[in-house]
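Work through the exercises below with the sequence and the model open. Try each task before reading its solution.

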Amino acid sequence: MDLKLYPFQFEPILKERIWGGEKLKTVLNKPITSKITGESWELSTVEGDVSIVANGSLKGKTLTGIIEELPNEILGTKVYKRFGKQFPLLFKYLDAREDLSIQVHPNDKLAKERHNSFGKTEMWYIMQADADARIIVGFKENSSKEEYLENLNNNSLVSILDDVKVKSGDVFFLETGTVHAIGAGLVVAEIQQTSDVTYRLYDFDRVDAKGNKRELHVDLALDAINYNKVDTYKKYDKELNKSNGVVDCSYFTTNFIPLEGQVEVCKSKESFTVYMCVEGSFCIEYNGEKFIYVKGDTVLIPATMNAFILNGKASILEIYIS
């Protein structure tokens with residue numbers, strides 16, 4: 001394999017969803033053809049949905065394929081030592097034309113036992129929000145399994161959940177066990193562990209085009225839920241041309257870079273880095289080449305690529321594993 005590594009982009013993996021719309025095209029310029037596209041998976045090694053390189057000399061190769069051949073160079077020495085050749089994160093953009101289902105994700109222990117999967121700790125960056133758009137994150141007050149089941153059975157679950165109005169730039173960090181739902185009218189950048197395990201609790205009695213309701217996972221969810229009130233909102237600084245800390249957990253670190261002009265980046269070779277362009281445009285200057293990105297682009301920087309320049313006017317999410 002060519003050892004001259006470079007910033008990778010990948011073909012978006014587009015997902016129709018009952019709650020999806022067309023903003024992934026109108027806001028993020030994704031090549032959707034459906035009016036109910038809910039998700040664009042930007043970087044994935046989930047089985048059956050593995051990302052394919054879209055640019056450069058390795059175009060057409062899979063993310064799992066290039067990691068298999070160059071694990072230290074792509075993932076980084078520390079990440080490879082911890083996770084082996086498994087890419088540990090999943091990156092998405094979501095368009096919620098309607099409310100998503102109320103759901104919860106299991107922790108690592110439950111997910112491993114039941115699904116041979118990672119758990120699903122995640123964070124949301126709100127890219128666009130219609131007026132009065134909101135999310136559901138956790139319980140209004142500390143609850144219990146009994147209170148939860150009573151309200152679920154009475155179709156009043158929403159009444160005990162925390163309903164939060166949101167705006168562009170808001171960030172929420174959801175540990176496993178947090179009951180949640182993205183509300184209608186939102187475009188969201190999502191960073192999460194590599195997992196597609198979701199327990200659906202309530203789906204607002206919706207039916208699909210064939211008149212069928214989607215499956216619920218009430219029993220599985222009972223011991224996955226954190227019934228206590230949680231604080232999910234993340235405040236963060238926005239100092240120009242700096243990596244401002246937003247989320248720092250054992251699964252990923254996310255910084256916010258308000259870029260205006262030129263910034264030199266020097267980093268270790270312990271972890272890959274991912275940039276998600278959430279506003280504006282920028283380029284990466286590396287080895288005499290310029291790689292250009294616009295709003296909605298996601299780029300994987302191999303760990304071995306540890307010195308380069310960012311240039312432009314953009315808002316960027318910077319993600320790596322500490």
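A disulfide is a pair of cysteine sulfur atoms within 2.5 Å. Keep in mind throughout that this model is predicted.

**Exercise 1. Cysteines**

Task: Decide how many disulfides the model holds, and examine cysteine 266.

Solution: 
- Start with cysteine 266. The closest cysteine sulfur belongs to cysteine 283 and is 16 Å away, which is too far for a bond.
- Now count. The cut-off of 2.5 Å leaves 0 disulfides.
- Cysteine 266 is exposed, at 66% relative accessibility. Cysteine 249 is buried, at 17%.

**Exercise 2. Positive phi**

Solution: 
- Recall the background. Most residues other than glycine have a negative phi.
- Take asparagine 116. Its phi is positive, about 50°, although the residue is not a glycine. At a relative accessible area of 59%, asparagine 116 is exposed.
- Take aspartate 205. Its phi is also positive, about 60°, and this residue is not a glycine either. With 43% relative accessibility, aspartate 205 is partly exposed.

**Exercise 3. Strand β18**

Task: Sort the side chains of strand β18 (residues 298–301) by direction, and find how β18 pairs with β16.

Solution: 
- Sort by direction. Thr298 and Leu300 point one way, Val299 and Ile301 the other.
- Check burial. All of these residues are buried.
- Find the pairing. Strand β16 (residues 273–286) runs antiparallel to β18, joined by 4 bridges.
- Valine 274 bridges to leucine 300 in β18.

**Exercise 4. Rings**

Task: Count the aromatic pairs in the whole structure and classify two of them.

Solution: 
- Begin with the total. The search finds 14 aromatic pairs.
- Classify phenylalanine 87 with phenylalanine 272. Their ring centres are 4.7 Å apart and their planes meet at 35°, so the pair is tilted.
- Phenylalanine 87 is in the loop between α4 (77–83) and β5, and phenylalanine 272 in the loop between β15 (253–266) and β16, so the pair ties together parts 185 residues apart in sequence. Both phenylalanines are buried.
- Classify tyrosine 275 with phenylalanine 308. The values are 6.3 Å centre to centre and 80° between the planes, an edge-to-face pair.
- Tyrosine 275 lies in strand β16 and phenylalanine 308 in strand β19 (residues 307–320), so the pair ties together parts 33 residues apart in sequence. Tyrosine 275 and phenylalanine 308 are both buried.
- Extend the view. Tyr275, Phe282, Tyr293 and Phe308 form one aromatic cluster.

**Exercise 5. A charge over a ring**

Task: Find which ring lies under the charged end of lysine 15.

Solution: 
- Identify the ring. The charged end of lysine 15 sits over tryptophan 41.
- The ring centre is 4.6 Å away.

How values were computed. Residues numbered from 1 in each chain as written. Predicted model: local features only at pLDDT ≥ 70, side-chain atom pairs only at ≥ 80, totals over all residues. Heavy atoms only, no water. Buried < 20%, exposed > 50% of the residue type's maximum accessible area, 1.4 Å probe, protein only. Helix = DSSP H or I, 4+ residues; strand = E, 2+ residues; numbered from the N terminus. Pairing = 2+ DSSP bridges. Phe/Tyr/Trp six-rings, centres within 6.5 Å; stacked < 30°, edge-to-face > 60°. Lys NZ or Arg CZ within 6 Å of the ring centre and 35° of its normal.
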